[in-house]
Amino acid sequence: MSAVPSSEVSVRVDDATADDVELALSGAYAPGPRLLTAPERAAVAADGTLPDGTGWELPLALALPAGTEQVTSGDRVVLVDSEAVPFAALTVAEAAEEDGHTLLAGPLERLRPRSPGIFASLRLAPQEVRGEQGGPVLAVPCARPLHRHDVDAILAAAARDGAQVLLLGLVGAGREVPAEQLVRALRPLGLRTRLVPLPAHPGLQPVAAARLAVRVAAAYGADRVLLPHADGLSQGVGDGLPVPVEVGPEGPLPAPALAQLLDRGEPLPEGFTFPEAERALRHAHPATTERGLVMLFTGLSGSGKSTVARAVVEAVVERSDRTVTLLDGDVVRTMLSSGLGFSRPDRELNVRRIGWVAAEIARHGGTAVCAPIAPYASVRADVRAMAERAGAYVLVHVSTPLQVCEARDRKGLYAKARAGLIPEFTGISDPYEAPDDADLVLDTSVVTLEECVERVWRLLVDRRLVG
Ligand SMILES: Nc1ncnc2c1ncn2[C@@H]1O[C@H](COP(=O)(O)OS(=O)(=O)O)[C@@H](OP(=O)(O)O)[C@H]1O
Ligand SMILES: Nc1ncnc2c1ncn2[C@@H]1O[C@H](COP(=O)(O)OP(=O)(O)O)[C@@H](O)[C@H]1O
């Protein structure tokens, strides 16, 4: 039995961290079920080994979210996933300050299983997969559909070595192709497929990411590994691991050319891929004219956000096949954000909610047009991140000067704000942080409504967001 912890806090972790913890707990990660200490992380980052010489790439630790009570060595931290399941616990061995964050290290233990997710039967622990087969195993870690030339190379390599093929569909957080589409693309190949929740690690160098995939494949029982689309990365693997065979680098259609055809919704070259792979790709990467879209109009009260946004919605509906939802300030504040006021936390929550709903609309291929003041740059950055994960994002700054907005004073609010009757009024007694990342700036004191609409439309046409 473990010692009684000095204190216990709960920390909600993002999906990528939860996936990493899951792999550490399942035995797929070389350091075992634990998060790495500062010296270990430094060694891993510097030369791809733990201090004891074991090869390892991932400097896995837990950043304590801002606002969480401080923890120290000996405390227990319960990790809660995005479905609110307290699935693991960390006994803190080290709490180190790094780049303004507290990074926690120490042993992990499982508290309860996480929701297995879709295709649960394909998600097995390394030891279960290792127990499934005899003889040599050629593993192929894949994060995107395999095309004909990949499959030809896989089958040739397997035949050469008399090996069975094991497709490891990498499906963790941040992956380009969602799990369901990857499985649909891989299944018809008739090869043994297992899903591994290895998230994308944007901080890792490509060589390190490739090595990590090879190590995880080895943990799943592979003695040979094939990296599709590896583009020379396998040169850097070595280290006593199965030497990966490479397909590639790109096959007959380089990735940028493939992306361009998908962007334009044009046909792929005859015989390049399988129908299921093409379907999966088009689903994950729709033509730009069919991709979800979030447009955010930001600006002072009275700047013209609602007026321009409404006119843009009408133009988009009249001129394109897009279906549009207008998240207008009034509707949002009476429905989605009813009860919220205008303090900084309330405004942040209001704008985040708008961004979340808009991103969901975009995720399903729709168009969301939003027109809140959205005065804070940090929250607009969050909205941009949510939207870009789901589709395209366009930020329009309606930059009409304060004096003009105040002179318009359609709702009589500026007069009240000046009289001190409305506290925290944007532009008068509350800040507005003008964006420096706007795609378009419209000053409605000098640009007519018709011209505003045409400028937005031209931007959409230039970006191929409307056909
Ligand atoms: N204190 C204060 N500051 C700014 N605005 C105020 C305030 N109190 C009420 N209103 C009215 O609320 C509208 C702004 O709401 P938003 O949801 O767009 O604001 S925010 O993005 O959450 O900051 C805004 O509407 P618009 O004129 O359409 O922008 C105002 O009419
Ligand atoms: N070029 C223009 N574009 C948009 N609105 C304009 C323009 N010129 C004048 N206006 C007027 O400015 C006011 C803007 O109000 P509104 O669209 O509700 O702003 P917001 O949503 O930013 O508070 C409206 O009365 C509108 O008729």
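Colleague: Which residue has a polar backbone atom 2.6 Å from an oxygen atom of ligand 2?
Modeller: Gly302. A polar contact here is a pair of N or O atoms within 3.5 Å; within protein, one must be able to donate a hydrogen and the other to accept it, and residues adjacent in sequence count only if both atoms are side-chain atoms. This is a predicted model: local features need pLDDT of at least 70, side-chain atom pairs need 80 or more, and totals for chains, interfaces and linings use all residues. Residues are numbered from 1 along each chain as written, chains are lettered from A and ligands numbered from 1 in written order, and side-chain values use heavy atoms, without hydrogens and water.

Colleague: Which side chain has an N or O atom 2.8 Å from an oxygen atom of ligand 2?
Modeller: That of Arg410. Also, a polar backbone atom of Gly304 is 3.0 Å from an oxygen atom of ligand 2.

Colleague: How much of ligand 2 does the protein bury?
Modeller: 79% of the 560 Å² that ligand 2 exposes when taken alone (Shrake-Rupley, 1.4 Å probe).

Colleague: Where does ligand 2 sit?
Modeller: In the second largest pocket. Sitting there means more than half of its atoms lie within 2 Å of the pocket's grid points. A pocket is an open set of points on a 1 Å grid over the protein atoms alone, where a 1.4 Å probe fits, with protein on both sides within 12 Å along at least five of seven lines.

Conventions. On a 1 Å grid over the protein atoms alone, a cavity is a set of points where a 1.4 Å probe fits but cannot get out, and a pocket is an open set with protein on both sides within 12 Å along at least five of seven lines; lining residues have an atom within 4 Å of a point.
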